[in-house]
Amino acid sequence: MTENREICIITRYREYAENISASVMLSDKNIPVFAVGKNFDEKYYSKKGFRLYITADDDTISFPDNSEGQILKYGFSTMDCISSLKGENIKGKTVYIAAEKADGIDFGLLSSLFNAPAVHYDPCASRENERFEHKDPNGLYLCAPESYESAKAAGINFKPLCFCRETISFLLNSASEILRVKKDEEEKNKENLIRMEQYKVVFNFTNDAILATDENGIIIAANDMVYKFLKWDKRDRLEGKRIDSVVKGTKMIKAMDKEGGDIGDVFELPYCTVLTHRIPIEINGKKKGVVSTFQDLATLQEHEKNARVSFYRNKKGFSAKYSFADIKGGSKKIEEAKNIAKSYAPSSAAVLILGETGTGKELFAQSIHNASGRHDGPFVAVNCAAIPKSLLEAEFFGYEEGSFTGASKGGKMGVFEMAHKGTIFLDEIGEMPLDMQAQLLRAIQEKEIRRIGSGKVIPVDVRVISATNRNLRGEVKKGSFREDLFYRLNVLELIIPPLRERKEDIFEIAVSYLRTFNYKSYKNNQALWHEIIDELEKYELRGNVRELQNLLERLSVMLDNKYINTNALFAEISKGIDFQTPYDGQKRRRPSHLYDDSEPFGREEADLWEKNKILQALKNNGFSRTKAAADLGISRSTLWSKMKYHKIEI
């Protein structure tokens with residue numbers, strides 16, 4: 001049996017409900033039938049889950065005005081009449097169809113089928129006092145619900161007019177379709193409500209103020225940001241007011257006359273300057289108003305800055321990873337250089353860093369940036385010597401699409417734009433060609449650049465830190481470097497001392513690098529490494545920190561090879577004697593405590609060498625572990641572990 005728990009048949013009269021139930025039982029449907037009385041209590045049935053009510057009682061049942069349920073009123077058909085009179089003896093009688101509406105009944109067909117007159121009797125006239133005034137002793141009355149009770153009271157010959165099986169199937173299918181359509185509409189309405197709420201949230205919580213007028217300049221919509229920009233009390237609604245009475249000097253109405261509206265106009269409001277776009281509202285080819293969006297110009301510029309910073313800060317080459325804590329060494333000269341650099345950090349003035357190759361000029365530049373107020377901005381490093389002369393202008397200032405053969409699609413941003421609100425580091429500035437120096441000077445002085453192929457000037461807020469290993473003052477005298485650019489770059493001067501002037505820092509720099517590069521090798525051969533570093537301190541490292549790191553890396557690789565002997569390690573150091581002079585002025589010989597060249601330096605030899613060094617240190621310090629550890633340059637706990645490993649007992 002087909003069942004829909006949301007549909008039921010209702011009638012006013014109990015006896016009539018019983019007759020309808022009997023008809024329903026003959027169908028393959030399972031529809032409950034209820035006698036509900038004159039006043040229908042819909043809430044009661046709604047709680048039971050019913051949403052659609054089928055009735056033929058027409059107006060005899062009073063439905064609430066605020067009814068949420070669907071009412072399906074259905075008049076009787078010819079087939080209902082035939083089914084209701086089945087088995088009745090009609091011969092010689094007149095059949096009266098007592099129903100208010102009989103549009104669906106073919107009385108001619110009934111008369112022909114029954115071989116008796118079939119006529120319509122409208123009980124509507126006797127509805128008020130509910131009396132059945134028409135009485136034909138020789139008639140058979142087929143009564144619809146509205147005439148059922150009065151016919152019963154009149155004592156006439158009558159039968160209830162009920163739905164037949166086919167009608168019940170049709171009504172249930174119709175009711176199910178009505179519910180389906182209603183559910184679809186409810187879902188659509190629900191989606192529309194959700195969408196409207198979403199639009200409302202977007203409309204009111206965007207950073208843009210949105211204001212719309214009709215063709216007469218009457219405000220039809222304004223979001224919350226409009227009230228904020230205009231300092232307007234939200235209780236005094238803007239809708240319905242003329243735009244020119246609210247915003248003095250407005251150009252919104254005039255925007256309807258412009259093709260495409262008015263885009264990117266800067267407009268003065270009483271409390272701020274805004275960037276506004278005014279777009280005509282066009283419906284069926286006719287201008288019906290204008291919508292305007294505007295943003296606070298100062299806020300927009302701040303957002304633009306943050307967007308640039310966010311985009312470039314994590315890209316390779318656009319962030320500074322080093323700080324002053326990464327600059328190793330405690331010598332007086334390096335501390336002095338760090339203190340000067342720290343004092344420069346808060347300023348936005350240009351800094352010129354002077355120093356030999358490998359002294360760590362970029363390390364200082366990054367540290368200054370990270371200690372400055374621009375640390376959240378990009379740090380863009382450019383090696384002026386590495387860029388071909390023909391590409392310098394494009395790299396520095398960018399270009400527009402199609403500005404020259406090979407230009408990237410969409411153009412390209414130059415390094416000055418990339419460094420906006422941050423720092424640009426111009427390394428090897430002394431290598432820059434003279435013609436490019438003039439353009440660089442203008443960009444620094446005017447704080448603006450122009451891309452190749454563009455007439456648009458782009459303002460940039462950039463701090464310039466430059467570096468060179470050249471004598472720029474000498475280059476200025478020779479005419480190979482512009483004097484005006486030199487003084488523009490050399491507002492603050494920082495000189496980085498070479499490694500030979502701070503030999504006491506070599507140990508800290510070397511150990512720090514070894515721990516980072518190859519900690520395992522350093523840990524396992526700590527005493528040997530200290531011996532190697534002691535040897536390195538004797539020589540003039542002209543490549544400074546970079547040369548020291550390269551040499552340590554090379555020695556570390558050699559030390560991992562068990563077939564490399566100790567002589568080979570120290571010979572690698574002494575290679576530089578041919579072009580670098582030790583500070584004592586003498587070529588150094590291989591230390592006497594090491595083994596001769598023929599002796600391989602593998603794991604066993606390294607252990608023996610380390611054990612001997614520990615024993616010697618203990619003897620020299622009266623077998624004091626603390627003093628011996630200090631002499632070896634290791635911690636007391638490390639010494640204890642190594643003694644345990646080498647089975648040294650005291």
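Which residue forms a salt bridge with Arg-242, and how far apart are the closest N and O atoms? I looked this up in the model, which is a predicted one, and found that the partner is Asp-244, with the closest N and O atoms 3.1 Å apart. I then checked accessibility for this pair: Arg-242 is partly exposed at a relative accessible area of 37%, and Asp-244 is partly exposed at 32%.

Next I turned to a pair within a helix. Asp-184 and Arg-180 join their side chains in a salt bridge, with 2.8 Å from N to O, and I noted that both residues belong to helix H6, which covers residues 165-205, where they sit four residues apart, or about one turn of the helix. Asp-184 has 41% relative accessibility and counts as partly exposed, and for Arg-180 I likewise read 41%, again partly exposed.

I also followed a pair between loops. Arg-451 makes a salt bridge with Glu-400, their closest N and O atoms lying 3.7 Å apart. Arg-451 is in the loop between strand S21 (448-450) and strand S22 (457-459), while Glu-400 is in the loop between strand S18 (398-399) and strand S19 (412-413), so this pair ties together parts that are 51 residues apart in sequence. I recorded Arg-451 as buried, because its relative accessibility of 14% is under 20%, whereas Glu-400, at 27%, counts as partly exposed.

For the whole model I noted a count of 30 salt bridges.

How values were computed
Residues numbered from 1 in each chain as written. Predicted model: local features only at pLDDT ≥ 70, side-chain atom pairs only at ≥ 80, totals over all residues. Heavy atoms only, no water. Salt bridge = Lys/Arg side-chain N within 4 Å of Asp/Glu carboxyl O. Helix = DSSP H or I, 4+ residues; strand = E, 2+ residues; numbered from the N terminus. Buried < 20%, exposed > 50% of the residue type's maximum accessible area, 1.4 Å probe, protein only.
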